[in-house]
Each structure stands twice: as structure tokens, then as C-alpha cells.
Amino acid sequence: MNNPIPRTVGFKPGERNIFFHILTSCNLSCSHCYINPEQHGKGSVSKETMDAWLALFFDKAKENNLIFLGGEPTLHKDLVHGIHTAKKLGYNSITVDTNGYLFHDTLNRIEPNDAVLSFSLDGPSPEINDPLRGEGVFETCTGNLKRAVNKGFDVSLIYTVSRRNIDHLQEMPKLLADMGVKRFFIQVIGLRGKSAQSGQDLQLTPEEWLATVPEVAAAAAGLGMHVICPKVFLEENEKFECAGNVAENFFIFPNGRVYQCPLCEDLAVNTFRIEDNRLMKNQGLIEEQLFSLTIPEGCVMNKLLQPDNLLYDAAGKPLHRISCCLLKQEIRP
Ligand code: SF4
Ligand code: SF4
């Protein structure tokens with residue numbers, strides 16, 4: 001077998017990614033949940049609003065990728081309607097990010113070619129996963145994941161790596177291969193929502209990340225999975241680019257806030273808002289103003305939110321440049 005090679009996936013011109021939070025409520029209460037009701041409310045979009053906003057963000061000149069998010073998106077009674085609307089509009093890819101509960105009989109009301117199902121699991125067993133995500137979650141999530149695979153769905157899995165589960169990441173590739181998962185997203189814990197507020201020591205050092213993640217990613221690719229993980233640290237020869245300047249990403253919340261950068265979501269600095277189903281640009285201090293700042297550490301928001309994670313040499317030069325959190329690397333089998 002050839003050694004799989006990681007490849008940085010650059011931002012693609014002509015691509016538009018729409019991250020649509022159709023509600024913020026959830027049946028779970030994960031210890032690192034990134035949803036922030038103070039900023040994004042507790043509401044959900046109506047069926048009519050869902051249709052209007054799906055049309056608003058679809059650009060027929062672009063490749064449009066849609067991700068339905070929550071809270072838990074399958075709790076929304078009109079999710080299936082939204083998937084069908086997006087398909088009719090011509091979205092190139094549709095993904096549902098679910099905690100695995102698949103409410104409202106979602107699995108029996110959509111077809112495998114309607115959407116990719118992306119499940120979240122943070123451990124290879126109930127002992128590791130359930131203290132983070134909730135009692136009984138491992139069993140329900142893996143049960144529904146296997147049902148989805150058996151029905152022919154294209155299934156991905158997201159594992160959010162933190163201090164509390166990094167030691168078990170290496171057990172994931174075999175488990176996922178055995179369940180028929182095609183795509184494995186290894187996500188880094190972000191300092192948003194509960195993980196930012198709770199004072200939990202969840203963040204990884206560069207050494208911890210680099211000592212574990214590349215090896216596990218290669219092992220998963222070796223078992224036939226397409227592996228995607230954030231780039232996090234740029235090599236000397238790699239150029240820093242802020243997605244806010246060179247890519248089109250919209251993170252939409254039910255209260256009408258629209259961000260370009262997920263790291264800004266805990267603050268009222270969203271570049272856009274939706275009013276009367278029209279996209280309006282905000283005035284004053286907005287995230288867009290941060291995107292043009294150039295600093296030797298790379299991402300400005302990372303430096304603002306987690307300065308303690310940056311290390312410097314004796315001359316004050318950063319030891320690592322931090323990439324845009326939206327820059328990914330992939331390993332294909
Ligand atoms: S499943 Fe997602 S939205 Fe729900 S509590 Fe967990 S992290 Fe938050
Ligand atoms: S994560 Fe950093 S680099 Fe990426 S869009 Fe946000 S501010 Fe820009």
C-alpha cells in the first residue's frame with residue numbers, strides 16, 4: 001500500500017459554502033457545545049423563511065455547498081422540506097450535520113442522493129463519548145449511523161479533538177471502517193460557546209496535535225477513508241490566507257446574523273444580517289475589518305481569542321503561524 005500524502009485544500013474561487021443553522025435548540029448538552037444562545041437566540045426559522053433564505057444564498061454562477069446545522073437540525077420539522085427545496089434550487093452538495101438522533105423519521109423521508117449525513121461522535125466507546133456528549137449517545141449515534149450506511153447513505157463522521165479525548169483518537173479509524181464511514185473529519189476544539197465560557201482545559205498544544213493527528217489521519221486513509229482535518233499550523237513555505245478575503249463562506253443563524261468567520265460567532269461583529277429576506281451589510285465594528293490585518297502569527301482572531309496558545313522564540317518571532325480555521329488538509333486513500 002502507498003503511504004497516503006496529506007494535501008492542503010486551498011480556498012476555491014467560484015465556490016460558496018453556506019452553513020445554515022436552522023435552529024439553535026438541541027436535545028443534547030455537549031460539554032463543548034459551540035452554540036451561544038445569547039448571541040444567536042433560541043429560535044428557529046419558519047418553513048417560509050427557510051425557503052426564502054435558501055433562495056437568497058444560492059448563486060447560480062457558483063458551486064453552492066449547503067450544510068444544515070443546529071442545534072440539532074433534525075429537530076426542525078421542516079428540515080426534509082428544506083433539503084428538497086435546496087435540491088430543486090440546484091445546490092451542488094447538501095449535508096446534514098447531526099448528533100445522530102435523526103428525529104422526525106429523517107432517515108426514512110430522504111433518499112441517499114438527497115444529502116450526505118455527517119454524524120458527530122467524540123469517542124470510540126460509550127465510556128469516552130458519553131461523558132462529553134451525554135448518556136446513551138454513543139449507542140444511539142452509532143446505531144443510526146449503521147442504519148444510514150445500510151440504506152446506502154454517504155456517511156461522514158466528525159470527531160472534535162480536545163484534551164479529554166485525544167488519547168482515544170487512534171481507536172477511531174478501525175471503528176469507522178467497520179461501520180462503513182466514508183469520510184472522517186478530525187476537528188480541533190474551538191474556543192466558542194461553552195468551551196470558551198466554562199474554563200475547561202480543553203485546548204491542545206501544537207505538540208499534542210502534531211504528535212497524534214497526522215498519524216491517525218494516515219491510518220484512517222490507509223483503511224480507505226477520505227480524511228479531512230484543519231491545517232492549524234502553516235509550514236515555513238506556506239502562504240497565509242484569510243478566508244474572509246479569498247473565499248465565500250456564510251454562517252447563517254436563525255436570528256438573521258450572518259458571519260463570514262466562525263471564530264467571530266461569539267461576538268456581535270457579523271458582517272451581514274438578513275432583514276426582510278434581504279442580505280444587508282452591517283456598519284461599525286464588523287469582522288470584515290479584522291480580515292485585512294496582517295500579523296506574523298497568521299490568523300488575527302486566533303490571536304485575539306487564544307493568545308496563550310501562541311509561542312515565540314527569544315527574538316519574539318512566533319514559533320508557529322496559525323492558519324485560517326477554515327483551511328483544511330485532506331488525505332485520500
Ligand atoms: S449536538 Fe451539537 S448543538 Fe447539540 S449540544 Fe452537542 S455540540 Fe451542541
Ligand atoms: S479564522 Fe482567522 S483567517 Fe480564517 S476567516 Fe477567521 S479571521 Fe480570517
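I take helices (H or I, at least four residues) and strands (E, at least two) as DSSP runs, numbered from the N terminus.

I am working on a predicted model, where local features need pLDDT of at least 70, side-chain atom pairs count only at pLDDT 80 or more, and totals for chains, interfaces and linings use all residues. Residues are numbered from 1 along each chain as its sequence is written, while chains are lettered from A and ligands numbered from 1 in the order in which they are written.

**Helix α5.** I looked just past α5 and found Gly-134 with a positive phi of about 130°. Next I asked which residues of α5 (residues 126–133) are buried. They are Asn-129, Leu-132 and Arg-133. I call a residue buried if 20 or more other C-beta atoms, placed from the backbone, lie within 10 Å of its own. Seen down the axis of α5, these buried residues fall within an arc of 80°, so they line one face of the helix. The arc is that of the directions from the helix axis to the C-beta atoms. The cover over the buried residues of α5 includes α6 (137–150).

**Overall fold.** I counted twelve helices and 15 strands in the protein. The radius of gyration, taken over C-alpha atoms, is 19 Å, close to the 20 Å that the globule rule gives for 333 residues, so the protein is as compact as a globular protein of that length. That rule is 2.2 Å times the number of residues to the power 0.38. Along its principal axes the C-alpha trace spans about 60 × 50 × 40 Å. Buried residues make up 39% of the 333.

**Core.** The largest nonpolar core has 72 residues. Such a core is a set of buried Ala, Val, Leu, Ile, Met, Phe, Trp, Tyr and Cys residues joined through C-beta atoms within 7 Å. Phe-184, Ile-186, Ala-217, Ala-220 and Val-227 touch the most other members. I then listed contacts of Ile-186 (C-beta atoms within 7 Å), leaving aside neighbours within four places in sequence. Among them are Tyr-159, Val-161, Val-213 and Cys-229.

**Ligands.** I took the shell as residues whose C-beta atom, placed from the backbone, lies within 6 Å of the ligand. Cys-26, Cys-30, Cys-33 and Glu-72 are among the residues around ligand 1. By class, that shell has five nonpolar, four polar and one charged residues. Ligand 2 is surrounded by 14 residues, the closest being Cys-242, Cys-261, Cys-299, Met-301 and Cys-324. Which helix gives the largest share of the shell around ligand 2? It is α12, with three residues.

Terms used
Buried ≥ 20, exposed ≤ 12 C-beta atoms within 10 Å, placed from the backbone. Nonpolar A, V, L, I, M, F, W, Y, C, P; charged D, E, K, R; others polar. Contact = placed C-beta atoms within 7 Å.
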